[in-house]
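Trainee: Could you walk me through reading strand pairing and helix packing in a model? I'd like the general idea each time, then the case at hand.

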Amino acid sequence: TGTLTKEGVFNKGKLEWVKNYGTDASEVATTKLVEVPPRFPGCDEISDEAELKKCAEMKMLHFIYSTIKSPMFARTNGIEGTAYVVFVVEKDGTITDVVTKRGLCAEIQSECERVIRSMPRWHGGTQNGKPVRVKFTMPVKFKLE
């Protein structure tokens, strides 16, 4: 559904080229690799790129694991493991298209989707200086303690 406008990879954390699909270079569909990836909010005061990325990841993990609740069904049945949630960070940073690809059980799937949908607006990603939609796959670990 479109023409390949670029193709690429990350090498040692740096973008060398990127794979984009669209009808032309100005119309880019949802992608996973971008020049400036979206990031979770809360680290705007940091200017170093590596520190900014680390801070945003830590804030996101803190949000997820302080918000998520292990469902009673999973606890009573000893269900633990990793659920995988796919979602899109839109051009404006909102979260859409939340789907659990592997949810361990229906209750864990619902809880993962609830938490991802409740995340605050991210800082959107850009490609060639233009905002783009970016698709993420997020592992969420459930461990009984």
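Trainee: Which residue in strand 6 does Val88 stand opposite?

Mentor: In general, strands of a sheet pair through backbone hydrogen bonds, either parallel or antiparallel. Here Val88 faces Thr96 in strand 6, and Val85 stands opposite Thr100. Strand 5 (residues 81-89) and strand 6 (residues 95-102) pair in the antiparallel sense over five bridges. Pairing takes at least two DSSP bridges; helices (H or I, at least four residues) and strands (E, at least two) are DSSP runs numbered from the N terminus. Keep in mind that this is a predicted model, where local features need pLDDT of at least 70 and side-chain atom pairs count only at pLDDT 80 or more, while totals for chains, interfaces and linings use all residues. Residues are numbered from 1 along each chain as its sequence is written, and side-chain values use heavy atoms, leaving out hydrogens and water.

Trainee: What order do the strands of the open sheet take?

Mentor: The order is 6-5-9, with antiparallel pairing. Strand 6 and strand 9 (134-142) are at the edges with a single partner strand each, so one side of each lacks a neighbour in the sheet.

Trainee: And at what angle do helix 1 and helix 3 pack?

Mentor: Two packed helices are described by the angle between their axes and the distance between the axes. Helix 1 (residues 49-67) packs with helix 3 at about 135°, axes 10 Å apart. Axes are lines fitted to C-alpha atoms, for helices over the stretch in contact, with angles from 0 to 180 degrees between N-to-C directions. That makes helix 1 oblique to helix 3 (under 35 degrees is roughly parallel, over 145 roughly antiparallel, 65 to 115 roughly perpendicular, the rest oblique).
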